[in-house]
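Visitor: I am new to this structure and would be grateful for a guided reading. Might we take the features one at a time?

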Amino acid sequence: MAPFTREVSHLSDAILCERAATGDSAAFQSLIRRYAPLMRAYAIRLTGSASDTDDVLQETFIKAWEKIDTLQNPEKVKSWLMTLTSRKAIDLMRTRKLTVDLDSAANTAHPGINPEDNAITDSQIVHLSELLKTLPLEQQQVWVMREIGGSTYKEISETLKISEGTVRGRLARARAALVKGMEGWN
């Protein structure tokens, strides 16, 4: 099994996706290994909890395996996986009414930056996290999906089942509130 897995790991996303759609579990595992770290980072920022993130990822992987044969554009498998991750995280947030917590982003030192700059950056992230918690949940979701997850307006619209105009409005209000809250903060 290991030699076959190594054989597929170098293949493009599109080829891996096509192979996974025909039931090739090694190709699917290779895709998951490729994108799991990004999906994990995104989910933890959406849910604010490592244990919730594990639940989100498990459900996302199951859904991805079940639905990979429905993906119309295999080159966009990364975006599709991130969208699935968003949907599962948002479903969890809706059921548990959780807020986003970015504090986990501040827990590691940044190599090559002096300790004072690290401390300033970390405290800015903590302050941003606190400001984010003050926003309505709808604005938090849109902001995190766009700014942290890199989702497009269309992807956010489809995930949250709202219009792109509503996405733009919520994002604009969230950005304005965060900029205002960060102004003059030291």
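Visitor: Which residues does W80 touch, not counting residues up to four places away in sequence?

Guide: Please keep in mind that this is a predicted model. Setting aside residues up to four places away in sequence, W80 touches A64, K67, I68 and L71.

Visitor: Where does W80 stand in the nonpolar core?

Guide: W80 and W143 are the residues with the most contacts inside the largest nonpolar core, which has 46 residues. Two or more residues of this core come from each of α2 (13–21), α3, α4, α5 (77–96), α6 (115–134), α7 (137–148), α8 (153–160) and α9 (164–182). Helix α3 gives the largest share, eleven residues.

Visitor: How many helices and strands does the chain have?

Guide: The chain has nine helices and zero strands. Along the sequence, the pattern reads α-α-α-α-α-α-α-α-α. Of the 186 residues, 43% count as buried. The chain exposes about 9900 Å², and carbon and sulfur atoms supply 53% of that area. Among contacts in the chain with a separation of 6 or more, 63% join residues 24 or more positions apart.

Visitor: How should I read a pair of packed helices?

Guide: Two packed helices are described by the angle between their axes and the distance between the axes. Here, the axes of helix α3 (residues 25–47) and helix α4 (residues 50–67) come within 9 Å and cross at roughly 145°. The crossing of α3 and α4 is right-handed.

Visitor: Which residues make the contact between α3 and α4?

Guide: From α3, the contact is made by S25, F28, I32, A36, M39, R40, A43, I44 and T47. From α4, A50, D52, T53, D54, V56, L57, T60, F61, A64 and W65 take part. By class, the contact has twelve nonpolar, four polar and three charged residues.

Visitor: Is α8 mostly covered or mostly open?

Guide: Helix α8 is mostly covered, with six of its eight residues buried. These are Y153, E155, I156, S157, T159 and L160.

Visitor: Why does S157 count as buried?

Guide: A residue is called buried when its relative accessible area is under 20%. S157 counts as buried because its relative accessibility is 11%. This residue lies in helix α8. Leaving aside neighbours within four places in sequence, S157 is in contact with I162, S163, E164 and V167.

Visitor: What should I look for just after α8?

Guide: Just after α8, K161 takes a positive phi of about 60°, and K161 is a residue other than glycine. K161 lies in the loop between α8 and α9.

Visitor: Is K161 buried or exposed?

Guide: K161 is exposed, with a relative accessible area of 72%.

Visitor: How should I read E7, and how far apart are E7 and A26?

Guide: E7 is found in helix α1 (residues 2–9). At 45% relative accessibility, E7 counts as partly exposed. E7 and A26 are 19 residues apart in sequence, and their C-alpha atoms are 9.4 Å apart in space.

Key
Residues numbered from 1 in each chain as written. Predicted model: local features only at pLDDT ≥ 70, side-chain atom pairs only at ≥ 80, totals over all residues. Heavy atoms only, no water. Axes fitted to C-alpha atoms, helices over the stretch in contact; angles between N-to-C directions. Helix = DSSP H or I, 4+ residues; strand = E, 2+ residues; numbered from the N terminus. Left-handed = near helix turned anticlockwise from the far one by under 90°. Contact = heavy atoms within 4.5 Å. Nonpolar A, V, L, I, M, F, W, Y, C, P; charged D, E, K, R; others polar. Buried < 20%, exposed > 50% of the residue type's maximum accessible area, 1.4 Å probe, protein only. Areas by Shrake-Rupley, 256 points an atom, 1.4 Å probe, with all protein chains shown as cover. Core = buried A, V, L, I, M, F, W, Y, C linked by side-chain atoms within 4.5 Å.
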